[in-house]
Amino acid sequence: MVKRGACGGCFNSIPPQRQAEIREKKKIIVCEHCGRVLADVEDQVIVEKTRR
Ligand SMILES: [Zn+2]
């Protein structure tokens, strides 16, 4: 899980371009720092507007 633009395991920051690739789920993205599979991106503040 990517949280707030960073790896949920080691908090290594993930570039926006890579976050987009994770969202698309076309390929498996692995954290460069800890080697975790980044399977999903936690939605950020922007999503709260669309939920209403
Ligand atoms: Zn990591």
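The legends below refer to a predicted model.

**Figure 1. Lys25, an exposed loop residue with positive phi.** Lys25 has 11 other C-beta atoms within 10 Å, so the residue is exposed. Its place in the chain is the loop that runs between α1 (16-24) and β3 (29-30). The phi angle of Lys25 is near 55°, a positive value in a residue other than glycine. Most residues other than glycine have a negative phi.

**Figure 2. Overview of the chain.** The chain has two helices and four strands. Their order along the sequence is β-β-α-β-β-α. Of the 52 residues in the chain, 10% are buried. Among contacts in the chain with a separation of 6 or more, 35% are between residues 24 or more positions apart.

**Figure 3. Arg4 in the loop between β1 and β2.** Arg4 sits between β1 (2-3) and β2 (6-7). Phi of Arg4 is near 50°, again a positive value in a residue other than glycine. Is Arg4 buried or exposed? Arg4 is exposed, because 12 other C-beta atoms lie within 10 Å.

**Figure 4. Cys10 and the residues it touches.** Cys10 belongs to the loop between β2 and α1. Leaving aside residues up to four places away in sequence, Cys10 touches Cys31, His33 and Cys34. Gly35 is 25 residues from Cys10 in sequence, and the two C-alpha atoms are 9.6 Å apart in space. Cys10 counts as exposed because it has 12 C-beta neighbours inside 10 Å.

**Figure 5. Ala39 in the loop between β4 and α2.** The loop that holds Ala39 lies between β4 and α2. Ala39 has 12 other C-beta atoms within 10 Å and is therefore exposed. Ala39 and Gln19 are 20 residues apart along the chain, with 10.0 Å between their C-alpha atoms.

**Figure 6. Asp40 and its contacts.** Asp40 lies in the loop between β4 and α2. With 13 C-beta neighbours inside 10 Å, Asp40 counts as partly exposed. Which residues does Asp40 touch, not counting residues up to four places away in sequence? They are Met1, Val2 and Ile22. Glu21 is 19 residues from Asp40 along the chain, and a distance of 9.9 Å separates their C-alpha atoms.

**Figure 7. Asp43 and Lys3.** Asp43 is placed in the loop between β4 (37-38) and α2 (45-51). How far apart are the C-alpha atoms of Asp43 and Lys3? They are separated by 8.0 Å, while the two residues are 40 residues apart along the chain. Asp43 has 11 other C-beta atoms within 10 Å, which means that Asp43 is exposed.

Key: Residues numbered from 1 in each chain as written. Predicted model: local features only at pLDDT ≥ 70, side-chain atom pairs only at ≥ 80, totals over all residues. Buried ≥ 20, exposed ≤ 12 C-beta atoms within 10 Å, placed from the backbone. Contact = placed C-beta atoms within 7 Å.
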